[in-house]
Amino acid sequence: MNKIFERDLNGEMVSPLDPGYDELINTIWDTMKIATELNDGYHTPDEVRQMLGEIIGQEVDASITLLPPFYVDYGKHIKIGKGCFIQQCCTFFGRSGITLGENVLVGPKVNIITINHDPDPENRSATYGRPVVIEDKVWIGINATILSGVHIGYGAIVGANSVVTKDVPPMTVVAGNPARIIKTLNK
């Protein structure tokens, strides 16, 4: 594998000027081609899982539901646990790794973003990333955005339209922009 993929996954700064960057971008285009086919017309649940499997590079368990359309840049670093339900119009920018535990509910229009740009305006086209980890039985409300490096604990709830910039403890409800704890859940 080209070293740029390893650097990207490790959170190092990756620039369009780096050797191998064209391969990274071409892989993103290949992934987007499969996603476009997924999003173009009706597919049975089994066909959707098969296409999702092509995107993430592994077999997708029959207990997983994805409702297209689904937008993704690079799927090979996305892991989806059994029983997950992903609503329509979600965007996963997964170059630095997205892990969904088991029985995670992802509402419509949720954005999970692992990549960020260099804050230096002279190098703004360069990117770096941090993985997003979402533990078992989390519920993410409609139109929420989960940003790079966030870890969401077991059983947490992310309110609709929230922007999650920091880790979320298990069994809490967070909401707002930026999201903050508004409630602790009883087990």
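Residues with under 20% relative accessible area are taken as buried, those with over 50% as exposed and those in between as partly exposed, with a 1.4 Å probe and protein chains only. The accessible areas come from the Shrake-Rupley method with a 1.4 Å probe, and for residues only the protein chains shown count as cover. The model is predicted, so that local features need pLDDT of at least 70 and side-chain atom pairs count only at pLDDT 80 or more, while totals for chains, interfaces and linings use all residues. Residues are numbered from 1 along each chain as its sequence is written, and side-chain values use heavy atoms, with hydrogens and water left out.

Helices (H or I, at least four residues) and strands (E, at least two) are DSSP runs, numbered from the N terminus. L105 belongs to strand β7 and is partly exposed, its relative accessible area being 41%. Together with F85 and W139, L105 makes a nonpolar surface patch of about 290 Å². Patches consist of residues with over 30% relative accessible area and no salt bridge; like charges are joined within 9 Å, and nonpolar side chains (Val, Leu, Ile, Met, Phe, Trp, Tyr) within 5 Å.

A negative surface patch is formed by E59, D61, E102 and D136. For charges, Lys and Arg count as positive and Asp and Glu as negative, whereas His and the chain ends are not counted. The place of a charge is taken as NZ of Lys, CZ of Arg, CG of Asp or CD of Glu. E102 counts as partly exposed because its relative accessibility is 38%.

A salt bridge is a side-chain nitrogen of Lys or Arg within 4 Å of a carboxyl oxygen of Asp or Glu. The count by this rule is 5 salt bridges. One of them pairs R95 with D8, with the closest N and O atoms 2.8 Å apart. R95 is in the loop between β5 and β6 and D8 is in helix α1 (residues 3–9), so the pair ties together parts that are 87 residues apart in sequence. R95 and D8 are both buried.

Another salt bridge joins E12 and R7, whose closest N and O atoms are 3.3 Å apart. E12 is partly exposed at 36% relative accessibility, and R7 is partly exposed at 22%. In the salt bridge between E37 and K33, the closest N and O atoms are 3.7 Å apart. E37 and K33 are 4 residues apart in helix α2 (residues 21–39), which means a separation of about one helical turn. E37 is partly exposed, with a relative accessible area of 37%, whereas K33 counts as exposed at 55%. Salt bridges that share partners also join R7, E12 and D18 into one network.

Contact means heavy atoms within 4.5 Å. S96 is situated in the loop between β5 (90–93) and β6 and is buried, with a relative accessible area of 2%. Apart from neighbours within four places in sequence, S96 contacts D8, L9, T114, I115, G129, R130 and P131.

T65 is placed in strand β1 (residues 65–66) and counts as partly exposed at 25% relative accessibility. With neighbours within four places in sequence left aside, T65 contacts C84, F85 and I86. The C-alpha atoms of T65 and K82 are separated by 9.4 Å, the two residues being 17 residues apart along the chain.
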